[in-house]
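Here's a quick briefing to read with the model open beside you. Take it topic by topic and click along as you go.

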Amino acid sequence: MPVSASFKISFKLKFLFVVQGEGRGHLTEAVSLYELLRDNGHEVSRVLIGRNNRRILPEFISQRIAPPVETFESPDFLVDKSGKSLRIAASLIYNLGICRRFFKSIAFLRKTIQNDKPDVVINFYELLCGLTYFVYRPQTPCVCLGHHLIMQHPDFHFPTERKIEKFLLKLNTRLTCIGAQKLLALSYKKWPDVPDRKLYILPPLLRKEILNMQPETGSFLLVYLLNPGYIDEIISWHKDYPDVIVHCFCDSPPQFKYPGLTFHVINDRLFEEYLRTCSGFITSAGFEALCEALYLDKPVMMVPTGHHYEQFCNAYAASKNGLCLSEKKFNISSFLNYMKNPCPDREKYKSWIHSFQSEFQKHLAEISNFKS
């Protein structure tokens, strides 16, 4: 189904985006919202992205976003020697040790907000944006948007284990949301709003290219890796199943060639085409990638990055709702068996996705009153 017609507006707003740059989910959401606002007469003055030296900023950001895109240093997770799991304790110590750099980033955010004078700041789950509002109390209204916010909902059920990581995730979310006048939680299903918590539920924010695609079922598997340490697992499995064609996207693909197994550096357009035509999708447990694959009727296997509690929750919730297979390792053999079962009827999910514009329109009217 193609993207629905643009909604009409009787007011125009100037926005400034602050985006967490870890992974690709928040970045693609920012691109999608930018294009939606631009197409409906609003302005985005600038996009500020929190990033670190470990991640490469995807090319699609500069290709798809016309306003100035600037980066600032933001807290980072450290990974173990294998390049797979996050080191939570070491990450906390490391970030505390360089916290002076983050004070500079907070000052940069405050100065940019003052200079650009936007009507509203949209915070795509960037911690330092919340801390900017805590330290400097900018008068510009702020709205938080992201899938993490659904974990603030009273009906959300966390996995029973890993309570310390649960506490840290909830603390990070609360700090990120400081100063926000609305919390817009992206969810693959409709939940009741919770106005007393400023919490409102929206559909996933998917790119126009995905919404307009006509999916096909090819003869290959598609893999997306957040951390390159899992490459060896993919290679090892494929040696036992050389007849299965696999295309794998990651930040740092190996240079060696493997028959039937192809590694690609992350490329937005190429990834979209492979997602449209694959027979099944295997990914670390990011929210955005799951929602795109579900929309295109692809069977999905999620493998949460080690000690990445948010991904652990994503995979737990999605598998409990029958939307994917969740595994601790890249056990692709299990996925091949899972793919034999027909995909669940996702028409209700697609209808929910298509309602984003109308749902967001309701909040735009209220957001326009924040500045008055």
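In what order do the six strands of the open sheet come? Reading across, the order is β12-β11-β10-β13-β14-β15, and the pairing is parallel. Keep in mind that this is a predicted model.

- β2 (residues 43–51) is mostly covered, with seven of its nine residues buried.
- On one hand, β2 is joined to β1 (residues 14–20) by seven bridges, and the two run parallel; Lys-14 has Glu-43 in β2 as its bridge partner.
- β2 is also joined to β3 (residues 69–73), by five bridges and in parallel; here Leu-48 stands opposite Glu-70.

**Helix α5**
- Which residues of α5 (residues 127–136) are buried? They are Leu-127, Leu-128, Cys-129, Gly-130, Thr-132 and Tyr-133.
- The cover over those buried residues includes β1, β3, α4 (99–116), β6, β7 (142–146) and α6 (163–176).
- Glu-126 caps the N-terminal end of α5, with a side-chain oxygen 3.0 Å from the backbone nitrogen of Leu-128.
- After α5 comes Arg-137, which has a positive phi, near 50°.

**Aromatic pairs**
- The count comes to 16 aromatic pairs.
- Take Phe-17 and Phe-124: their ring centres are 5.0 Å apart and their planes sit at 65°, so this pair is edge-to-face.
- That pair links distant parts of the chain, since Phe-17 is in β1 and Phe-124 is in β6 (residues 120–124), 107 residues apart. Both Phe-17 and Phe-124 are buried.
- Why does the pair Tyr-309 and Phe-312 count as tilted? Their planes are at 45°, which falls between the 30 and 60 degree cut-offs, and their ring centres are 6.1 Å apart.
- Tyr-309 and Phe-312 are three residues apart in helix α11 (residues 309–320), so about one helical turn separates them. In general, an α-helix has 3.6 residues a turn, so residues three or four places apart point the same way.
- Tyr-309 is buried at 4% relative accessible area, and Phe-312 counts as buried too, at 17%.
- Elsewhere, ring pairs tie Phe-220, Tyr-224, Phe-249, Phe-271, Tyr-274 and Phe-281 into a cluster.

**Lysines over rings**
- Lys-189 lies over the face of Trp-191, 5.1 Å from the ring centre.
- Lys-350 has its charged end over the ring of Tyr-295, at 5.7 Å from the centre.

**Nonpolar cores**
- The largest nonpolar core has 84 residues, and the members touching the most others are Phe-15, Phe-17, Leu-33, Ile-122, Leu-275, Phe-281 and Phe-360.
- Apart from that core lies another one, of 21 residues, including Val-223, Ile-231, Leu-325 and Ile-332.
- Setting aside residues up to four places away in sequence, Leu-275 touches Ile-210, Leu-222, Phe-281, Glu-292, Ala-293, Leu-296 and Lys-298.

**Two serines in loops**
- Ser-187 is in the loop between β8 (180–186) and β9 (199–202). Is Ser-187 buried or exposed? With a relative accessible area of 4%, Ser-187 is buried.
- A polar side-chain atom of Ser-187 lies 2.7 Å from the backbone oxygen of Lys-189.
- Not counting residues up to four places away in sequence, Ser-187 touches Ile-150, Ile-201, Leu-202, Pro-203, Pro-204, Phe-287 and Trp-352.
- Ser-284 is in the loop between β13 (280–283) and α10 (287–295), and at 5% relative accessibility it counts as buried.
- Beyond its neighbours within four places in sequence, Ser-284 is in contact with Tyr-224, Leu-225, Leu-226, Met-302, Val-303, Thr-305 and Gln-311.
- From Ser-284 to Leu-323 is 15 Å in space, C-alpha to C-alpha, and 39 residues in sequence.

Terms used
Residues are numbered from 1 along each chain as its sequence is written. This is a predicted model: local features need pLDDT of at least 70, side-chain atom pairs count only at pLDDT 80 or more; totals for chains, interfaces and linings use all residues. Side-chain values use heavy atoms; hydrogens and water are left out. Buried means under 20% relative accessible area, exposed over 50%, partly exposed in between (1.4 Å probe, protein chains only). Helices (H or I, at least four residues) and strands (E, at least two) are DSSP runs, numbered from the N terminus. Two strands pair if DSSP finds at least two bridges between them. A polar contact is a pair of N or O atoms within 3.5 Å; within protein, one must be able to donate a hydrogen and the other to accept it, and residues adjacent in sequence count only if both atoms are side-chain atoms. Contact means heavy atoms within 4.5 Å. Rings of Phe, Tyr and Trp (its six-membered ring) pair if their centres lie within 6.5 Å; planes under 30 degrees apart count as stacked, over 60 as edge-to-face and the rest as tilted. A charge sits over a ring if NZ of Lys or CZ of Arg is within 6 Å of the ring centre and within 35 degrees of the ring normal. A nonpolar core is a set of buried Ala, Val, Leu, Ile, Met, Phe, Trp, Tyr and Cys residues joined through side-chain atoms within 4.5 Å.
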